[in-house]
Amino acid sequence: MSNALAHGAATDVGGRNTNQDFFIAEPPLFAVADGMGGHRAGDVASRTAVEVVVQQLGGGDEALTEAVREANREVFQKAGSNPDFKDMGTTMTAMLVRDGSTHLVHVGDSRAYLLRAGELRRLTEDHSLVARMVREGRITPAQAEYHPQRSVLEKALGIGSDIDVDATTLDTEPGDRILLCSDGLTNVLDDQDILRILQEERDPTKAAKRLVTDAVRGGANDNVTSVVVDLPGEPRAPAAGAAPAPKKKRRGRRGLMAGLVLAILLVAALSARAVVSAPWWVGERDGRVTIFKGVSGSYAGMRFVRVQERTKLQLDSLPESTQSDLREGIPAESRADARSIVANLKKLQAPAAPTPPPPSP
Ligand code: MG
């Protein structure tokens, strides 16, 4: 039993060369930011965003939302002021625990979860292409897990001058445990894995570390970050007759591949009959990723489109499945949304061949 708030955090570079995730776990503020952008721009985006939030937090309930909006402006300005930072952006899932209330704000596909009475509940909705496809009934949540475009974001800090932030005041209970994490974790561990680890490791530092190490061991090809916060008080016991903690489950590579193949087939099937009717969309022109406005698609060969922006992103640097999605067009809600999709497509680029070391004298 604890009368004080307790917390733990961990991060790992995972399968990447640099860690573009950034977190803070200093009561009353907890946050996870997952940066994107070429070279080191992603690190700059996530770090800048968290630092601005820290600076901005003055007081009052609206403060966290306003701080995140200010962080967005700062990252956006930085991105426009230096070619190295062009198109950089970041997710932000942040929680402020102050004066007995817990405020949560969220942009992007990092996540917050609540563990209470032996049950895990997700507190955030992913601002991603696949999440929207699930909401629209085009794919199932299981298919979204393996979808080749699951890292394509529809919203991130730094992409436009203003941003709509999801904000809630949580209805908390004593002993609630809250997890903030980046998508590197949830791409490998499913809800059952997360629930099991959060229940088995009562110490928040151990829980945070084990979530990260299990994701890395499970083959995370991305940076992995977790922040675990235990609110003061005795956690509520699971209801009588509640299901016991789930057994450890391994998602085999074979299952992963089968899922991927299924997802690719599904996307192909969807694309073949899809008419992209969004006013904005991201597609391909002359071998480069291009932002269009208008109506397009493969339907009866009709195309009523206007090129808005040509990017330098080469189509053939992207995975095959993404190339075919781009040929059909990925819908966007606005120019900023389309730019955000392009920024995320860059993350899917095959890594450039390593530069050979200079010959020794
Ligand atoms: Mg990530």
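Predicted model: local features only at pLDDT ≥ 70, side-chain atom pairs only at ≥ 80, totals over all residues.

Trainee: Which way do the strand 7 side chains point?

Mentor: Arg111, Tyr113 and Leu115 point one way. Ala112, Leu114 and Arg116 point the other way. In a regular strand, side chains alternate between the two faces of the sheet.

Trainee: Which strand pairs with strand 7 over five bridges?

Mentor: Strand 10, residues 177-181, in the antiparallel sense. Two strands pair if DSSP finds at least two bridges between them. Leu115 has Arg177 as its bridge partner there.

Trainee: And how many bridges join strand 7 to strand 8?

Mentor: Four, and those two strands also run antiparallel. Leu114 is bridged to Arg121 of strand 8. The hairpin has two residues between the strands, and Ala117 takes a positive phi near 50°.

Trainee: Back up a bit. Where is Ser110?

Mentor: Ser110 is in the loop between strand 6 (101-107) and strand 7. Ser110 counts as buried because its relative accessibility is 0%.

Trainee: What does the Ser110 side chain join up with in a polar contact?

Mentor: The side chain of Thr91, at 2.7 Å. A polar contact is a pair of N or O atoms within 3.5 Å; within protein, one must be able to donate a hydrogen and the other to accept it, and residues adjacent in sequence count only if both atoms are side-chain atoms. Leaving aside neighbours within four places in sequence, the contacts of Ser110 include Asp34, Asp126 and Asp183. Contact means heavy atoms within 4.5 Å.

Trainee: Where does Asp176 sit, then?

Mentor: Asp176 is in the loop between strand 9 (166-170) and strand 10. Asp176 is buried, because its relative accessibility is 2%. Outside four places in sequence, Asp176 contacts Leu114, Leu115 and Arg116, among others.

Trainee: New topic: helix 6. What do its buried residues pack against?

Mentor: Strand 7, strand 8, strand 10, helix 5, helix 7 and strand 11. The buried ones in helix 6 (residues 191-200) are Asp193, Ile194, Leu195, Arg196, Ile197 and Leu198.

Trainee: Which residue caps the N-terminal end of helix 6?

Mentor: Asp190, with a side-chain oxygen 3.1 Å from the backbone nitrogen of Gln192.

Trainee: Last one. What volume does the largest cavity have?

Mentor: About 40 Å³. On a 1 Å grid over the protein atoms alone, a cavity is a set of points where a 1.4 Å probe fits but cannot get out, and lining residues have an atom within 4 Å of a point. Grid points are joined across faces, edges and corners, and the volume is the space filled by probe spheres set on the points. Among the lining residues are Arg16, Asp34, Asp183 and Lys347.

Note on methods:
Residues numbered from 1 in each chain as written. Heavy atoms only, no water. Buried < 20%, exposed > 50% of the residue type's maximum accessible area, 1.4 Å probe, protein only. 1 Å grid on protein atoms, 1.4 Å probe; cavity = no way out; pocket = protein on both sides within 12 Å on 5 of 7 lines; lining within 4 Å.
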